[in-house]
Amino acid sequence: MKKHFFNLPYMAAAAMMVFILSGCEKILPDNIPFDIERKITFNLQAAPPVGSVTLSDLAMSIDLDSALTAQGVDNYSISSIKPGKVTLETITDSTNLDALDSVAVFVTSSSLAETRIAHKYGIPKNIMQLPLEVSDVNVAEYLKARPTNFKVQAYIGDTIRKPMTMTMNVVFNVIAQKK
């Protein structure tokens, strides 16, 4: 009797095709992580030391459905959105953050309580960019709610000598979960 050496490879290839065609979706993981980055720009006027003040309270919307589509995971839903990296920076020449003693960033919504997502106390002198310490808080419900605001509060302990433009850059770590 003659042996057929090609039977095993053909059978393996046929089994692989059945596996692939039976549901590629099963290959996708249950959770997919990705990042969403947003930048807020605002202006500060020259001012004397005024203590605690809100520097910015601006609306920010993130289209979560578009973010999922951009990742190619339409059949997923957002399960977690946490701040991963938050930085505050002056982009005006010959200015720095010396007037600030502390900074805190909050997310707010009309239907949810305000929550802090980042902060920094004891700000070093002669810097233009400041990485903040992020809070381990899930803000998914805030970003699903409308409107959502990001509020930047600071303690101004020294004179702001000249007007400056500032940016706050937030990188959110998102986890999408299979529906």
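**Salt bridges in the predicted model**

At 48% relative accessibility, Glu141 counts as partly exposed. This value, like those below, comes from a predicted model. The side chain of Glu141 meets that of Lys144 in a salt bridge, at 3.6 Å from N to O. Lys144 is likewise partly exposed, its relative accessible area being 39%. Both residues belong to helix H3, and because they are three residues apart there, about one helical turn separates them.

Side chains of opposite charge can pair when their charged atoms come close. A further pair joins Glu114 to Lys151, with 2.6 Å between the closest N and O atoms. Glu114 is part of strand E5, residues 112–121, and Lys151 is part of strand E8, residues 148–156. Glu114 is partly exposed, at 39% relative accessibility. Lys151 has a relative accessible area of 14% and is therefore buried, since the cut-off for buried residues is under 20%.

Lys82 and Asp136 form another salt bridge through their side chains, with an N to O distance of 2.9 Å. This pair links distant parts of the chain, 54 residues apart. Lys82 sits in strand E3, which covers residues 76–90. Asp136 sits in the loop between strand E7 (133–134) and helix H3 (140–144). Lys82 is partly exposed, with 31% relative accessible area. Asp136 reaches 66% relative accessibility and so counts as exposed, because the class begins over 50%.

These pairs are set within a chain of three helices and nine strands. In sequence order, the elements follow the pattern α-β-β-α-β-β-β-β-β-α-β-β. Contacts across the sequence were also examined. Among contacts with a separation of 6 or more, 79% involve residues 24 or more positions apart. The chain has 179 residues, and 41% of them are buried. Its accessible surface amounts to about 10600 Å². Carbon and sulfur atoms contribute 55% of that surface.

Conventions: Residues are numbered from 1 along each chain as its sequence is written. This is a predicted model: local features need pLDDT of at least 70, side-chain atom pairs count only at pLDDT 80 or more; totals for chains, interfaces and linings use all residues. Side-chain values use heavy atoms; hydrogens and water are left out. A salt bridge is a side-chain nitrogen of Lys or Arg within 4 Å of a carboxyl oxygen of Asp or Glu. Helices (H or I, at least four residues) and strands (E, at least two) are DSSP runs, numbered from the N terminus. Buried means under 20% relative accessible area, exposed over 50%, partly exposed in between (1.4 Å probe, protein chains only). Contact means heavy atoms within 4.5 Å. Accessible areas come from the Shrake-Rupley method with a 1.4 Å probe; for residues, only the protein chains shown count as cover.
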